[in-house]
Amino acid sequence: MGTLVFVCPTPGREVSTGVEVDRSNFRKLSRTKTAIFCPRCRKNHKLSVIWAWLVSEAPEAAGAA
């Protein structure tokens, strides 16, 4: 599970959307652009998951069986 983040084009910094999603569902997200509110600059941006990624609080176990 991770938090969906993107780069705000106004200040050019990483911004958390606050949306928690697991990697399996992240891969299933639409590649079309969606409007999302940016808490950093307080504007809406057109976001595509192509320009978004997940940040995990806990690293995934490497080589887990």
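Leaving aside its neighbours within four places in sequence, which residues is Cys8 in contact with? The partners are Arg13, Val15, Cys38, Cys41 and His45, where contact means heavy atoms within 4.5 Å.

A quick word on the ground rules. This is a predicted model, in which local features need pLDDT of at least 70 and side-chain atom pairs count only at pLDDT 80 or more, while totals for chains, interfaces and linings use all residues. Residues are numbered from 1 along each chain as its sequence is written, and side-chain values use heavy atoms, with hydrogens and water left out.

**The sheet**

Three strands make an open, antiparallel sheet in the order 2-1-5. Strands here are DSSP runs of E, at least two residues long, numbered from the N terminus, and two of them pair if DSSP finds at least two bridges between them. Strand 2 and strand 5 sit at the edges with a single partner strand each, so one side of each has no neighbour in the sheet. From one strand to the next the twist averages 35 degrees, taken between N-to-C directions of lines fitted to C-alpha atoms, on a scale from 0 to 180 degrees.

Strand 1 pairs with strand 2 over 6 bridges and with strand 5 over 4 bridges, again antiparallel. Strands 1 and 2 form a hairpin with 4 residues between them, and Gly12 in that turn has a positive phi of about 70 degrees. Some of the bridge partners:

| Residue | Bridge partner | Partner's strand |
|---|---|---|
| Leu4 | Leu54 | strand 5 |
| Phe6 | Ala52 | strand 5 |
| Cys8 | Arg13 | strand 2 |

**The core**

The largest nonpolar core has 13 residues, and Phe6, Cys8, Phe26 and Cys38 have the most contacts inside it. Such a core is a set of buried Ala, Val, Leu, Ile, Met, Phe, Trp, Tyr and Cys residues joined through side-chain atoms within 4.5 Å. Strands 1 (2-8), 2 (13-21), 3 (34-38) and 5 (52-55) each supply at least two of its residues, with strand 1 giving the most, 3 residues. Strand 1 is also largely enclosed by the rest of the structure, because 6 of its 7 residues are buried. Buried means under 20% relative accessible area, exposed over 50%, and partly exposed in between (1.4 Å probe, protein chains only).

**Val55**

Over in strand 5 is Val55, which counts as partly exposed because its relative accessibility is 32%. Not counting residues up to four places away in sequence, Val55 touches Gly2, Thr3, Val5 and Glu14. Val55 and Gly2 are 53 residues apart in sequence, yet 5.1 Å apart in space, C-alpha to C-alpha.
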